[in-house]
Amino acid sequence: MKKTTLEYTPVDLLRWARKEHFEVFQSFAQCTFNQTVQLDITALLKNIKEVGWKFYPTIIFLLSKIVNSHAEFRMAIKNNELVIWNNIHPSYTIFHNETETFSSLWSHYDGNIHHFQDVYSEDVARYCNNLSYWPKEESRENVFFVSAIPWVSFTSFNINIANMQNFFAPMFTLGKYYTQDGKVLLPLAVQVHHSVCDGFHVARLINELQEMSDDILHLSEERNA
């Protein structure tokens, strides 16, 4: 695979407010943590139908917008140094019915929802028949991860990572959405590394995701430029 040139900013640990927390969770208290919520996507589904967008790329875009807005979701270790990617792109799964396997694709994120809908559609159309785990020739390190289990709902979901010390990219898992009390709810699991991220940060992410889901038409007004 051909790798792209990356840009990032080193973290000044001496000035970082979470320096002590980082060291604790990089040493004797190594851990990731997971939070599962039921996201209300009632308005989101209604509004994307009006503009002709598909659900999966739309929710991937919203997650991309939020993780790119907060440094704690863009951290990594490069050359034994903690860094923050200047930007980060979504790596997501697509399912192959014929083999009951999946591939992992990434699509370029530039902050424009119109662009992303097009890029996602182009990537899926090009690689949907390629059964490789990583079908795309070009790879990236500055990615976060989205996967979907659209066949079943869940109230809890956890990913067990064998070597988690420097695995800082957030991971999102979507379940099958369902109707309850007049609302459409989406099971969403968020997994992060405690070295760079706390419960406050995940809560802010979830709250911002809910706000964006309720107001998706505001994003649709962006100029396609």
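Predicted model: local features only at pLDDT ≥ 70, side-chain atom pairs only at ≥ 80, totals over all residues.
I count a residue as buried under 20% relative accessible area, exposed over 50% and partly exposed in between (1.4 Å probe, protein chains only). Numbering runs from 1 along each chain as its sequence is written, and side-chain values use heavy atoms, without hydrogens and water.

**Helix α5**

I took helices as DSSP runs of H or I, at least four residues, and strands as runs of E, at least two, numbered from the N terminus. I looked up α5, residues 199-214. Its exposed residues Phe200 and Glu211 sit on the face turned away from its buried side. The buried ones are His201, Val202, Leu205, Ile206, Leu209, Met212 and Ser213. I then checked the cover, with contact meaning heavy atoms within 4.5 Å. It includes β3, α2, α3, β10, β12 and α6.

**Ser103**

I found Ser103 in strand β7, residues 101-106. It is buried, at 0% relative accessible area. Its side chain makes a polar contact of 2.7 Å with that of His96. It also reaches the backbone oxygen of Ser132 at 2.5 Å. For polar contacts I used N or O pairs within 3.5 Å; within protein, one atom must be able to donate a hydrogen and the other to accept it, and residues adjacent in sequence count only if both atoms are side-chain atoms.

Technical notes
Expected span 1.5 Å × (residues − 1).
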